[in-house]
Each structure stands twice: as C-alpha cells, then as structure tokens.
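Student: I would like to learn how to read the features of a protein model. Could we take them one at a time?

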Amino acid sequence: MATFVTSNLQLGRPAAIKKYGRSCKDVSEMNEMLIQNWNSVVSDGDIVYHLGNFALDPKTAQDALSRLNGRIFLMPAELDESVQTLATKGMLPKTVSLMNRITPMAQFKSNLSYWPMAEWPEKKKGFWSVIGYPEKKYKSDPRQKTINVSTDLWGNKPQDLEKLLEIFQDI
C-alpha cells in the first residue's frame, strides 16, 4: 500500500486545458487522460490525498470518483463546491472522504494543505509543507521544506508521498 498526493485535477473545467497547457482537444479527453493517468499509478489498496480543486460540477466529480482507484481523501479548495455538495447529500462513494484544509501527517513528517503557507504546524520540527496550489510561482523548494503536488507539475499523475520526501530530503 502506497500513499499518493496530487491536486488541481479540475475535472470538467474547460479553462484548465488552456490555463495549464494540457494537450487535450476537449474536456472529455482531458477527464479521460487524468483518470487513466491516476489509475496507471494508483491501485485499489493505495491511499490518495487530493489537495484541492477536484472537479467543476457534482456529476463530473461523482463519475470520476466511481472510476478512480484507491481510498481517496479530498481537501476542499476554492473550486470544490461539487465535492462538498456530494458530501452534504451523502453521495460520495464509500472509498471517498473529505479532509481538513490543513492536515498534519506525522508518519511522513508533513502537513498537507491546498494553500501555500509561510508557517505551518510542526515547521520548527522540520516537517514538510505539501501543497496543491497550482500557480507556477509556488514551485517546490527544498530550502523552504515545501513540495507542490499540483498535477500539472508532475506529469498529471499522483505522486508517491514517501518517494517525494526521499527525493527532496536528498537535495
């Protein structure tokens, strides 16, 4: 069982194609590419933390969640009314849960959040800040102990959190 992190899939959002330079002709192709990429690295026994901006609308979110591998934890961000609506109505699949906007992960010496933070709980203990904010100016920075897992920065695939931490600790 592996633990993966990603963010900013923005399933169903036409503007994501141009804004993030996704090589897809339309939303349908983009959604399919993102789902296939996810399932190519995540198995049913894995855990995935999605750090914000999952899907534009509830139907797209529900359709995608029914097809994605793994136990999925969704962190709400500014474009996540769709998953919050599904959660409120009790319509999330059993393998999907919402999570707090800042989630400490002591086993990985990390804090997960969508938003970039100058300070975070456990920073003084050397914990990493794993963020999902998609703006390129918030790149991963080992000196600041920050890793940005926005999907477009990582080949549109969830990343193994343990492996990411190993790579960044060696830098």
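This is a predicted model: local features need pLDDT of at least 70, side-chain atom pairs count only at pLDDT 80 or more; totals for chains, interfaces and linings use all residues.

Student: How many aromatic pairs does the structure hold?

Tutor: There are 7 aromatic pairs. Take Trp128 and Phe168: the ring centres are 6.2 Å apart and the planes meet at 65°, so this pair is edge-to-face. The general idea is that a pair of aromatic rings is described by the distance of the centres and the angle of the planes.

Student: Where in the chain do Trp128 and Phe168 lie?

Tutor: Trp128 is in strand E7 and Phe168 in helix H5, 40 residues apart, so the pair links distant parts of the chain. Trp128 has a relative accessibility of 2% and therefore counts as buried. Phe168, at 9%, counts as buried too.

Student: What is the geometry of the pair Tyr133 and Tyr138?

Tutor: The centres of these two rings are 5.4 Å apart and the planes are at 75°, so Tyr133 and Tyr138 are also edge-to-face. Tyr133 is buried, at 18% relative accessibility, whereas Tyr138 is partly exposed, with a relative accessible area of 32%. The cut-off for buried is under 20%.

Student: Which residue lies over the face of Trp120?

Tutor: Lys123 does, at 4.9 Å from the ring centre.

Student: Next, the strands. How should I read their pairing?

Tutor: Strands of a sheet pair through backbone hydrogen bonds, either parallel or antiparallel.

Student: How does E1 pair with E2 and with E9?

Tutor: E1 (residues 3–6) runs parallel to E2 (residues 47–50), and 4 bridges join them. Within that pairing, Val5 has Tyr49 as its bridge partner, and Thr6 stands opposite His50. With E9 (residues 159–160), E1 pairs in the antiparallel sense over 2 bridges; there Phe4 stands opposite Asp160.

Student: Are the faces of E1 covered or open?

Tutor: Both faces are covered. Thr3 and Val5 on one side, and Phe4 and Thr6 on the other, are all buried.

Student: Which strands does E7 pair with?

Tutor: E7 (residues 128–131) is joined to E6 (residues 110–113) by 4 bridges and to E8 (residues 146–148) by 3 bridges. Both pairings are parallel. In E7, Val130 stands opposite Leu112, and Ser129 stands opposite Thr146 of E8. Both faces of E7 are covered as well: Trp128 and Val130 are buried on one side, Ser129 and Ile131 on the other.

Student: Now the cores. What is the general idea?

Tutor: In soluble globular proteins, nonpolar side chains tend to be buried together. In this model, the largest nonpolar core has 26 residues, and Leu11, Trp38, Phe54, Leu65, Ile72 and Leu74 touch the most other members.

Student: Which elements each supply at least two residues of this core?

Tutor: They are helices H1 (15–19), H2 (27–41), H3 (58–67) and H4 (81–88), together with strand E3 (71–74). H2 gives the largest share, 4 residues. A second, separate core has 21 residues, including Met75, Ile147, Val149 and Leu161.

Student: What is Leu65 in contact with, beyond its neighbours within four places in sequence?

Tutor: Leu65 is in contact with Phe54, Ile72, Leu74, Leu92, Pro93 and Val96.

Student: And for Leu161, is the side chain's residue buried or exposed?

Tutor: Leu161 counts as buried because its relative accessibility is 0%. Leu161 lies in helix H5 (residues 161–170). Leaving aside neighbours within four places in sequence, Leu161 is in contact with Thr3, Phe4, Val5, Phe108 and Val130. Leu161 and Ile72 are 89 residues apart in sequence and 14 Å apart in space, C-alpha to C-alpha.

Methods. Residues are numbered from 1 along each chain as its sequence is written. Side-chain values use heavy atoms; hydrogens and water are left out. A nonpolar core is a set of buried Ala, Val, Leu, Ile, Met, Phe, Trp, Tyr and Cys residues joined through side-chain atoms within 4.5 Å. Buried means under 20% relative accessible area, exposed over 50%, partly exposed in between (1.4 Å probe, protein chains only). Contact means heavy atoms within 4.5 Å. Two strands pair if DSSP finds at least two bridges between them. Rings of Phe, Tyr and Trp (its six-membered ring) pair if their centres lie within 6.5 Å; planes under 30 degrees apart count as stacked, over 60 as edge-to-face and the rest as tilted. A charge sits over a ring if NZ of Lys or CZ of Arg is within 6 Å of the ring centre and within 35 degrees of the ring normal.
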